[in-house]
Amino acid sequence: MGGSIILLLGTAPGGQVRQLYIFVKWTNIHLRNDPELNLLSPCSIQTMSQRVKIKNHPVNPMQNHGEKNCTSYHTVLWYVTKTTEGCQRAKPKQEALTAPLVDRHPHLQDETVIRQVQQISAIDQHPSSVQSSKETLTQDTEGASSEEDPSTAQETRQWKEIKVMLGDLPGIYARLSKIRLTALVVMTASAGYAMAPVPFDPSCFLLASLGTGLASCAANSINQYFEVPFDSNMNRTKNRPLVRGQISPLHAVSFAAACAVPGITLLALTVNPLTGALGALNLFLYTCCYTPLKRLSITNTWVGAVVGAIPPVMGWTAATGSLDVGALLLGGILYSWQFPHFNALSWNLREDYSRGGYRMMSVTHPALCRRVALRHSLALIGLSALAPALDVTSWTFPLISLPINLYISYLGYSFYRDADRSSARKLFFCSLWHLPMLLLLMLTCKKSRVDEEDKSMAHS
Amino acid sequence: MSRSGFAATLSRLLLQNRHGSRVLNHVGSLTAPRPFCSESDPRSRGRIKQALSGVSSFTPPANSSHDWVGPPDRMSNLRPIKYHIPEYESPLESRLRKLRQETEDWNHQFWTNQNISFSKEKEGFIYSCLKEKGLELRDEDGRKRTLSADEMAEFYKEFLNKNYQKHSVYNKEWYMRNFTITFLMGRVALLKTWRKLGWRQQDPKLK
């Protein structure tokens with residue numbers, strides 16, 4: 001995590017701690033670099049300062065950096081890190097820095113005392129929650145000095161009021177709707193629209209993308225709503241809003257309904273009924289088939305692959321209004337792509353799946369898992385070659401996409417052969433950039449309608 | 001003021017104790033029976049409940065009118081919720097709250113058992129595997145030996161298959177409870193809105 005809390009204590013010459021300044025600096029740099037974290041922080045680098053007054057305490061004997069008469073500031077940097085238990089604890093990072101804060105607060109040039117406050121735990125990433133933890137912090141400093149039961153004090157601090165702040169809502173909704181996954185889905189739908197051999201209509205394009213995005217948000221919210229106890233027990237998913245109790249289940253369902261109804265209606269009325277029907281079908285498949293099936297049978301992976309294949313088909317039908325062969329080809333490419341992507345991901349989560357009761361190929365049929373991943377990464381080469389045959393792209397497409405298709409097939413083969421953590425990770429991360437790249441190449445090789453018109457004119 | 005506060009706390013305690021007996025009746029073969037004493041011993045039941053849940057030492061501040069959510073439980077990884085009991089709680093709200101509390105306890109029980117049996121069986125599997133190989137649990141440096149991912153995969157597969165029935169029963173129950181709770185929450189929300197609108201109409205001075 002990338003939050004850091006800088007504690008700075010100012011003292012009067014009498015040596016009594018008068019004021020506690022908390023400078024909270026939130027960064028999301030670490031979050032961005034860690035793709036495995038399922039979080040999206042909407043905060044950019046912010047600084048907040050809060051003044052918290054505490055009672056006069058006799059100054060404790062200081063730690064290493066205690067020099068009573070120094071005028072420079074010593075800061076104790078606390079980094080909020082993740083622990084295995086899921087609650088955030090602050091680890092002190094002992095550093096003596098002359099903080100640039102000297103300039104900003106010249107009246108603090110009296111003696112400084114560093115007080116190691118025991119634990120600032122479970123402070124949320126959102127700065128608004130620092131408001132609510134302000135009071136608990138005062139309690140904490142008093143408690144820490146009197147050395148009363150530190151574990152209960154710590155536990156008390158970790159309890160949060162379930163009160164939704166308006167400022168938190170965008171972040172919560174982003175996580176509830178799995179915004180990054182939704183963005184990928186909208187991207188595939190847009191690619192489907194762009195690949196269709198019809199004149200590009202910007203308004204229809206935007207409406208189709210918006211409708212697909214809303215439907216995807218709704219589907220992901222319902223999925224999280226169903227899976228609260230399971231998500232709590234898996235490391236990858238334990239920071240989701242419903243798991244953390246940031247919103248109630250009713251709120252999540254209302255949000256899903258508020259996304260689904262306008263989304264599907266938008267698709268059905270402003271785009272065309274076929275696209276609307278496909279959107280509704282996809283929503284149903286994901287929430288009512290894939291999600292329950294995850295715990296009952298390994299066929300959930302195949303259903304999930306269909307769910308992933310439908311958005312580009314929706315994009316195509318939004319443009320043309322009919323289910324052409326080209327739409328099915330695009331759907332087929334997405335379908336095949338799902339297997340190396342998901343099977344590689346699930347390979348390293350076998351322990352969590354086993355404990356949580358998820359029935360995945362990687363746990364129950366590991367050999368099948370690897371075979372299927374390899375099979376479908378090879379199929380991508382075949383499907384790319386089929387594209388020009390169906391008049392979707394020119395013949396340059398299979399040629400220029402061959403390097404990336406061969407690369408993912410090679411990684412699929414090493415995953416099949418080695419079956420270890422690193423080959424699974426490599427395959428998964430490759431699949432993440434492989435798909436956007438493939439779609440982009442496809443777009444550049446799209447069969448030009450101008451060429452076709454010239455051809456037909458030349459013939460006549 | 002203090003008397004009403006005391007009455008509220010007492011009624012809450014009684015209601016919680018009533019939960020205990022209901023959970024005992026409700027929970028079937030899914031979970032291990034709770035070690036409850038007789039119904040006439042609310043204090044020991046409260047203590048046992050505290051020991052099982054482990055997080056009930058926290059009390060929300062008196063001026064708060066919201067629920068409070070706590071840190072994830074060490075055994076079940078689920079976060080407990082302390083429900084706020086409003087002054088004029090309707091039967092519907094009371095029913096919702098009790099159902100939520102009961103579902104929470106039931107979930108906590110299931111996942112605690114699940115996690116405990118998983119780690120126990122995992123340890124047992126590692127031990128038996130190492131024994132077959134003729135190795136000790138700890139190596140020369142005193143560190144715990146671990147098996148490779150392939151060897152562990154055998155255990156994961158076996159554990160998942162063994163618990164299949166248990167999980168599918170749990171799933172059905174969880175979905176039903178989840179739907180019921182959400183439905184009741186919807187009704188309570190409508191009731192509250194209706195009440196607010198109703199009071200506004202009665203007393204236009206409030207506007």
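Guide: Please note that this is a predicted model. A patch of negative charge on its surface is formed by Asp420(A), Asp150(B), Glu154(B) and Glu158(B).

Visitor: Why is Glu158(B) called partly exposed?

Guide: Its relative accessibility is 47%. Buried means under 20% and exposed means over 50%, with partly exposed in between; Glu158(B) therefore counts as partly exposed. Glu158(B) belongs to helix H4 of chain B, which covers residues 149–162.

Visitor: How is the rest of chain B built?

Guide: Chain B has five helices and two strands, in the order α-α-β-β-α-α-α from the N terminus. Of its 207 residues, 40% are buried.

Visitor: Which residues make up the nonpolar surface patch?

Guide: Tyr407(A), Tyr410(A), Trp433(A) and Met437(A) make a patch of about 420 Å². At least two of the patch residues come from each of two helices of chain A, H17 (396–418) and H18 (421–444).

Visitor: Why is Arg370(A) called buried?

Guide: The limit for buried is under 20%, and Arg370(A) has 18% relative accessibility, so Arg370(A) counts as buried. Arg370(A) lies in helix H16 of chain A, residues 366–389.

Visitor: How do you know which parts of chain A are annotated as "transmembrane region"?

Guide: That label comes from an unreviewed UniProt entry, which assigns it to residues 274–293, 300–319, 395–415 and 427–444 of chain A. Such annotations may be inferred rather than shown by experiment.

Visitor: What does the model show over residues 300–319 and 395–415 of chain A?

Guide: Residues 300–319 of chain A are 100% helix and 0% strand, with the end C-alpha atoms 30 Å apart. Residues 395–415 of chain A are 95% helix and 0% strand, and their end C-alpha atoms also lie 30 Å apart.

Key:
Residues are numbered from 1 along each chain as its sequence is written. Chains are lettered from A and ligands numbered from 1 in the order in which they are written. This is a predicted model: local features need pLDDT of at least 70, side-chain atom pairs count only at pLDDT 80 or more; totals for chains, interfaces and linings use all residues. Side-chain values use heavy atoms; hydrogens and water are left out. Patches are made of residues with over 30% relative accessible area and no salt bridge: like charges are joined within 9 Å, nonpolar side chains (Val, Leu, Ile, Met, Phe, Trp, Tyr) within 5 Å. Accessible areas come from the Shrake-Rupley method with a 1.4 Å probe; for residues, only the protein chains shown count as cover. A salt bridge is a side-chain nitrogen of Lys or Arg within 4 Å of a carboxyl oxygen of Asp or Glu. Lys and Arg count as positive and Asp and Glu as negative; His and the chain ends are not counted. The place of a charge is taken as NZ of Lys, CZ of Arg, CG of Asp or CD of Glu. Helices (H or I, at least four residues) and strands (E, at least two) are DSSP runs, numbered from the N terminus. Buried means under 20% relative accessible area, exposed over 50%, partly exposed in between (1.4 Å probe, protein chains only).
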